[in-house]
Amino acid sequence: MAKIKHIAIATQDAEKTAKFYIEVFGLEEIGKIDSPSASGYYLSDGDINLAILNFKNDAVAGAEYGQEFSGFHHIGFQVESLEEITEKLAAAGAATRDDINRGLGVGMDRSHRGNVEVKYGGPDGVIIDVSETGWVGTSPLPR
């Protein structure tokens, strides 16, 4: 069974937003990001990775959001098999988000390991990440 392992919040002030979740809920800062696509923080409760992201361009934020968007952005599931989940997502009518995958340099290419491996569009416009390897600061899938 897939497990929710990642939630991302887009913000215009990553430091302020991360500080809120650290101080109020006791989440631990487990990493920082400053890449061409986004800057921000990775926080964790030990089971789930919470990304606080300030997107730097519309391509990686997704055209429907844009880099100025603030709020819930996407959810990530760790899966046992990318091939199996690809079939299930296709059967459910969920298309790959090739626009975002290209912007981030991810997709079904196995050379990219860790965090998101492929992004899809889900119901209600929600962006879905899937990964076999999971996210930093999360517990492993039960075997």
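The face of helix α3 that is turned away from its buried side carries the exposed residues Glu87, Lys88, Ala90 and Ala91, where exposed stands for over 50% relative accessible area, buried for under 20%, and partly exposed for what lies in between, with a 1.4 Å probe and protein chains only. Before I go on, a word on what we are looking at: this is a predicted model, in which local features need pLDDT of at least 70 and side-chain atom pairs count only at pLDDT 80 or more, while totals for chains, interfaces and linings use all residues. Residues are numbered from 1 along each chain as its sequence is written, and side-chain values use heavy atoms, with hydrogens and water left out.

Let me stay with α3. The helix covers residues 82–91, and Leu82, Ile85 and Leu89 are its buried residues; seen down the axis of α3, the buried residues fall within an arc of 65°, so they line one face of the helix, the arc being that of the directions from the helix axis to the C-beta atoms. In general, an α-helix has 3.6 residues a turn, so residues three or four places apart point the same way. Helices and strands here are DSSP runs, H or I with at least four residues for helices and E with at least two for strands, numbered from the N terminus. What do the buried residues of α3 pack against? They pack against β6 (118–121) and β7 (127–131).

Now the two ends of the helix. Serine 81 caps the N-terminal end of α3, with a side-chain oxygen 3.4 Å from the backbone nitrogen of glutamate 83. Just after α3, glycine 93 takes a positive phi of about 85°; this glycine sits in the loop between α3 and α4 and, at 64% relative accessibility, counts as exposed. The C-alpha atoms of glycine 93 and glycine 121 are separated by 9.0 Å, although the two residues are 28 residues apart along the chain.

From β7, I would pick out serine 131, which lies in that strand and counts as buried because its relative accessibility is 0%. The side chain of serine 131 makes a polar contact with the side chain of glutamate 117 at 3.2 Å, and also reaches the backbone nitrogen of glycine 134 at 2.9 Å. A polar contact is a pair of N or O atoms within 3.5 Å, of which, within protein, one must be able to donate a hydrogen and the other to accept it, and residues adjacent in sequence count only if both atoms are side-chain atoms. Not counting residues up to four places away in sequence, serine 131 touches Phe77, Gln78, Val79, Leu82, Asn115, Val116 and Glu117, where contact means heavy atoms within 4.5 Å.

Histidine 73, in strand β5, is likewise buried, with a relative accessible area of 1%. A polar atom of the histidine 73 side chain lies 2.7 Å from the backbone oxygen of alanine 61, and the residues in contact with histidine 73, leaving aside neighbours within four places in sequence, include Ala8, Phe55, Tyr65 and Ile127.

By way of contrast, isoleucine 48 lies in the loop between β3 and β4 and is partly exposed, with a relative accessible area of 28%. Leaving aside neighbours within four places in sequence, isoleucine 48 is in contact with Ile4, Lys5, His6, Leu43 and Thr138.
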